[in-house]
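Please consult the sequence and the model below while reading.

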Amino acid sequence: MGLLRRLSRWMGARDGMTNIAAGGIAPGFSLKALDGKEYSLGKLMQRGPVVAAFFKVSCPVCQFTFPFLERLYKRYGSDDVTFLGISQDNAADSKDFARKFGVTFPILLDEKGYPVSNAYGLTSVPTIFLIESEGAVKVSCAGFGKEDLETIAEDLAERRKIALAPLFAANENVPAYKPG
């Protein structure tokens, strides 16, 4: 990534780090999870929205972001809202990542040539999408975006008709944005 692009992203500017922006249509996919179960985006969307978070185990911003995604999952995950981690690494490393960062939602493997990551046009991780049940992307976030995670929380709280809980504790020093 060029110096000017890094600097502008560090300062909070967003750029096209994925081909799938909010308002676009999420490409379908089917991947196996760490437990061997197959997950299909099309089938999951029949139940409700999907939060799909792409990551690499060695990525420090992914390591920073996933505990917050776990908070979202614990609060808003349900039978009609699916959370998925989509790993670009092998099963053993992905399982270690999930254990180390406390991730309990399903981790899918996109390791052999990254077909799903490529379909989404990813150039960095983490990249997080809130995908509506009809396939439209409501939130597209490359890197850690505090406001984007809060938007996902607000949307899911409203859908589930439950009170919005703070995602970030008052004593946590959480930046507005961290580039992936």
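Which residues are linked in a network of salt bridges? The network consists of Glu132, Lys138, Asp155 and Arg159. The structure is a predicted model, in which local features need pLDDT of at least 70 and side-chain atom pairs count only at pLDDT 80 or more, while totals for chains, interfaces and linings use all residues. Residues are numbered from 1 along each chain as its sequence is written, and side-chain values use heavy atoms, with hydrogens and water left out.

**Salt bridges**

A salt bridge is defined here as a side-chain nitrogen of Lys or Arg within 4 Å of a carboxyl oxygen of Asp or Glu. By this rule the model holds 9 salt bridges.

| Pair | N to O separation |
|---|---|
| Glu172 and Arg71 | 2.5 Å |
| Arg159 and Glu132 | 2.0 Å |
| Asp155 and Lys138 | 2.5 Å |

Arg159 forms its salt bridge with Glu132. This pair links distant parts of the chain, with Arg159 in helix α6 and Glu132 in the loop between β6 (127-131) and β7 (137-142), 27 residues apart. Helices (H or I, at least four residues) and strands (E, at least two) are DSSP runs numbered from the N terminus.

The side chains of Asp155 and Lys138 also meet in a salt bridge. Asp155 lies in helix α6 and Lys138 in strand β7, so the pair ties together parts that are 17 residues apart in sequence.

Accessibility is described as buried (under 20% relative accessible area), exposed (over 50%) or partly exposed (in between), using a 1.4 Å probe and protein chains only. Arg159 is partly exposed at 33%, and Lys138 is partly exposed at 40%.

Glu172 forms a salt bridge with Arg71. Here Glu172 lies in the loop between α6 (146-160) and β9 (177-178) and Arg71 in helix α3, 101 residues apart. Both ends are partly exposed, with relative accessible areas of 25% for Glu172 and 35% for Arg71.

How many residues of strand β4 (residues 82-87) are buried? The count is 6 of its 6 residues. Thr82, Leu84 and Ile86 are buried on one side, and Phe83, Gly85 and Ser87 are buried on the other.

Strands are taken to pair if DSSP finds at least two bridges between them. Strand β3 (residues 50-55) runs parallel to β4 and is joined to it by 6 bridges, and Ala53 has Gly85 as its bridge partner. Strand β5 (residues 107-109) also runs parallel to β4, joined by 3 bridges, and in β5 Ile107 stands opposite Gly85.

Helix α3 (residues 60-76) forms a right-handed β-α-β unit with β3 and β4. Another right-handed β-α-β unit is made by β4, helix α4 (residues 91-100) and β5. A crossover is right-handed if, with the strands pointing away from the viewer, the path from the first strand over the helix to the second runs clockwise.

**Nonpolar core**

A nonpolar core is a set of buried Ala, Val, Leu, Ile, Met, Phe, Trp, Tyr and Cys residues joined through side-chain atoms within 4.5 Å. The largest such core has 55 residues, of which Phe29, Leu72, Tyr120, Ile131, Leu149 and Ile152 touch the most other members. Helix α3 gives the most to this core, with 7 residues.

Contact means heavy atoms within 4.5 Å. Not counting residues up to four places away in sequence, Phe29 touches residues including Leu84, Ile86, Leu108 and Tyr120.
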